[in-house]
Amino acid sequence: MQPEEVQPVQLLTPEGKLAENEVYSPFIAELGAEQLRELYRYMAMERRLDAEATSLQRQGQLALWAPALGQEAAQVGTIAAIKPSDMVFPTYREHAMALYRGISPEELLTMFRATRHTGWDPRKHNFHIYTLVLAAQTLHAAGWAMGINQDLRLGSLSRDRAEDEIVVACIGDGATSQGDAHESMVFAASYELPLLYFIQNNHWAISVPTRTQSRSPLVNRATGYGFEGVRVDGNDVLASYAVAAKLSAEIRAGAGPKLIESVTYRMGAHTTADDPTKYRSSEEEQLWKGRDPIARYQTWLRAAGHADEGFFAEVDAEYKDLAADMRRSVLAMESIDLERVFDTVYSEPHRQVETEKAWLKDYEAGFAEEQTEAGTAG
Amino acid sequence: MSAIKEMVMAKAITAALRDELAADEKTLLIGEDIGALGGVFRVTEGLQAEFGTHRVIDSPLAESGIVGTSIGMAMRGYRPVAEIQFDGFVFPAFNQITTQLAKMHNRTDGRVKVPVTIRLPYGGHIGSIEHHSESPEALFAHTAGLRIVAPSNPQDAYWMTRQAIVSDDPVIILEPKRRYWLKGKVDLENPAPDAFRAQVIREGTDATIATYGPLVPVALAAAEAARAEDRSIEVVDIRSISPLDDETIARSAAKTQRLIVAHEAPTFGGIGGEIAARVAERAHHRLLSPVLRVGGFHMPYPPSSQEHRYLPDIDRMLEAVDRSFSYQRSA
Ligand SMILES: Cc1ncc(C[n+]2csc(CCOP(=O)(O)OP(=O)(O)O)c2C)c(N)n1
């Protein structure tokens, strides 16, 4: 049986022409020029950060980097359509979303420089820490959404605020094969959770193509759980925005979970440890280069008169600074102290942790003494 | 009304859950069949009727889902108490427990607390079929970030459950299912000692048997039987596996000079080996014989028609006591 093709929602063609869409265009009509430029700003910012992080990794300054190159529109469009009070549970590649939520490049890179596991406070940004165990976070998102329903029941969240609060669970196409993704969707459907699944289908899970994860478009999964899914052109920031705006409004209004399959492309390597030439063709890469989300949007912004050359030059200049600042702050980054790692294994005192921490202190103090003795002797 | 009640262990746990549900509206129970049925062991019996389907949540049949959503709820300020139906079925949730629940506080540099309690009916001797009698404690104890306790009597079951729920750390409670119907007094006003400490529950002078959970009554019976041979056995109820109160165990061993550690789990790579090493480090010079272990064999839990040969019993404990006495110190 051939999988049924599902046409993704597209508002902006790869040539940068805007198409009318009865359902989705009205959501775009609400955006003012400033907001439209803002979308561009964050996409450009992510791309700059990505290039800089990749080069920092090549220079041995980062332990690893997972580029989001090519996925800027999918991420920025989606996060711009929800509210800052909505909790987002990312994977490890949602850099554009993180930047949009006010997480600094420095905070973002701590994990990749391996100075700390996490650089930001998830509550401050309503943006959970990155999760490396694929799909695990989709269950935390479901639990968080169950918490929203509990708050409502307890009255600690007024009806208005509840209408204001939904949860976004990010997940890759590869990770949809994980059991946790399935269990999460079962919980979401059963308890009618205010949860939006955001699948970024970037075509590859390291070297394994999406068709190995699913013979049917991933969007079709939603129907099986009993909720709606929409497939969107993830390289089209306007369509990404409109689809997320529509679905999130419906979830807020009590419709239960929804799913977005955002069809996009990972233009770079999976991570800096990967070699995509081993598993994909340059024809494929060229094809997607022609669908570049930033170039497309830039063309339209310019043609529609929402941004002029001055704006683009200004963004360029700003991100040159960003790159320089980022490099400085990465090189100056201080590592977490191992003592601090001991201190956060548990919330409350734990005998074995305390004993081992004390032992290490003594042990290292011994070396310090030896050094001073040697110093005195020499 | 007296605050001291005679209860079986299962009902002591029910009482603890009821009291915590009543004390804090953010405490929730979640698990398979825990609502109308009251759980397969009836530990949650009546609680859904009393607190409602939103407080006592029948979950879909998905262990990773139960633990994973509990983490999400805990992150939002709730105190979920998750029931895993049987020890052998905890493994689908192993990933959520070890890579997420145990590490969240540490990974977030202490910013996110996940006060999830996992109730795990565990251990053998109930004559069941496979995957219903296992003792996976060592697999969890090896993971930093988790606390693991095992009550052996109704008083501890009541208070350890309450202490686990109010703890800000994730706690796994190993409920010795073969002791669910063990009767005992529960003082509902005066807490049992700290859930995370061991306790000397019988004084002795010649050797110590340290154990926890289902084997505590066996150790007490073995100590009683040893009296007939004029051997005075001290019994330590270990109670907490993580943190391990190695100090209390070592103190007892140093006093009696002989230590036997018993558990149902296989001895290879188990908690007994950890205790032996720790006690040797602390009290090597005081011991008259090596620390000996009594436990399950290096095999999957056998068909229960053979469990009487697999599980440590009084005779196996006494054999170990004899063996301990047979060691001679060379001059
Ligand atoms: C449970 C688990 N298995 C394997 C890995 C190693 N791994 C990291 S990312 C990845 C591919 C994920 O692909 P996808 O979900 O499509 O997301 P993408 O990286 O393409 O954004 C793999 C196999 C992992 N992190 N977690």
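This is a predicted model: local features need pLDDT of at least 70, side-chain atom pairs count only at pLDDT 80 or more; totals for chains, interfaces and linings use all residues.
Trainee: Which residues make the contact?

Mentor: From α9(A) come A:Asp180, A:Glu183 and A:Phe187. From α3(B) come B:Glu63, B:Ser64, B:Gly65, B:Ile66 and B:Thr69. Contact here means heavy atoms within 4.5 Å. These residues divide into two nonpolar, three polar and three charged.

Trainee: Why is the size of an interface given as an area?

Mentor: Parts that come together lose accessible area, so that loss is often used for the size. Chain A and chain B bury about 4,000 Å² between them. Carbon and sulfur atoms account for 52% of that area. As for contacts, 47 residues of chain A touch 55 residues of chain B.

Trainee: Which three residues of chain A supply more of its buried area than any other three?

Mentor: They are A:His140, A:Tyr346 and A:Arg351. Together they supply 16% of the area that chain A buries against chain B.

Trainee: How do you know that the two domains of chain B are in contact?

Mentor: The domain assignment gives domain 1 as 4-187 and domain 2 as 199-330 in chain B. Across that pair, 27 residues of domain 1 are in contact with 24 residues of domain 2. The area buried between these domains of chain B is about 1,900 Å², with 53% from carbon and sulfur atoms. Their C-alpha centres lie 27 Å apart.

Trainee: What does the domain assignment give for chain A?

Mentor: Domain 1 of chain A covers 12-336, and domain 2 covers 339-377. The C-alpha centres of these domains lie 42 Å apart.

Trainee: Where does UniProt place the "Transketolase-like pyrimidine-binding" domain?

Mentor: An unreviewed UniProt entry puts it at residues 7-182 of chain B. That span is 36% helix and 17% strand, and its end C-alpha atoms lie 8 Å apart.

Trainee: What makes the peptide bond from B:Ser242 to B:Pro243 cis?

Mentor: Look at omega. For this bond, omega is near 0 degrees. B:Pro243 sits in the loop between β12 (240-242) and α9 (246-256) of chain B.

Trainee: What is phi of A:Glu192?

Mentor: Phi of A:Glu192 is near 50 degrees. That is a positive value in a residue other than glycine. A:Glu192 lies in the loop between α9 and β3 (195-201) of chain A.

Note on methods:
Residues are numbered from 1 along each chain as its sequence is written. Chains are lettered from A and ligands numbered from 1 in the order in which they are written. Side-chain values use heavy atoms; hydrogens and water are left out. UniProt positions are given in the numbering used here, feature names are shortened, and annotations may be inferred rather than shown by experiment. Helices (H or I, at least four residues) and strands (E, at least two) are DSSP runs, numbered from the N terminus. Domain bounds come from an automatic or database domain assignment. Ala, Val, Leu, Ile, Met, Phe, Trp, Tyr, Cys and Pro count as nonpolar, Asp, Glu, Lys and Arg as charged, and the others, Gly among them, as polar. Buried area is the accessible area (1.4 Å probe) that two parts lose on being put together, summed over both.
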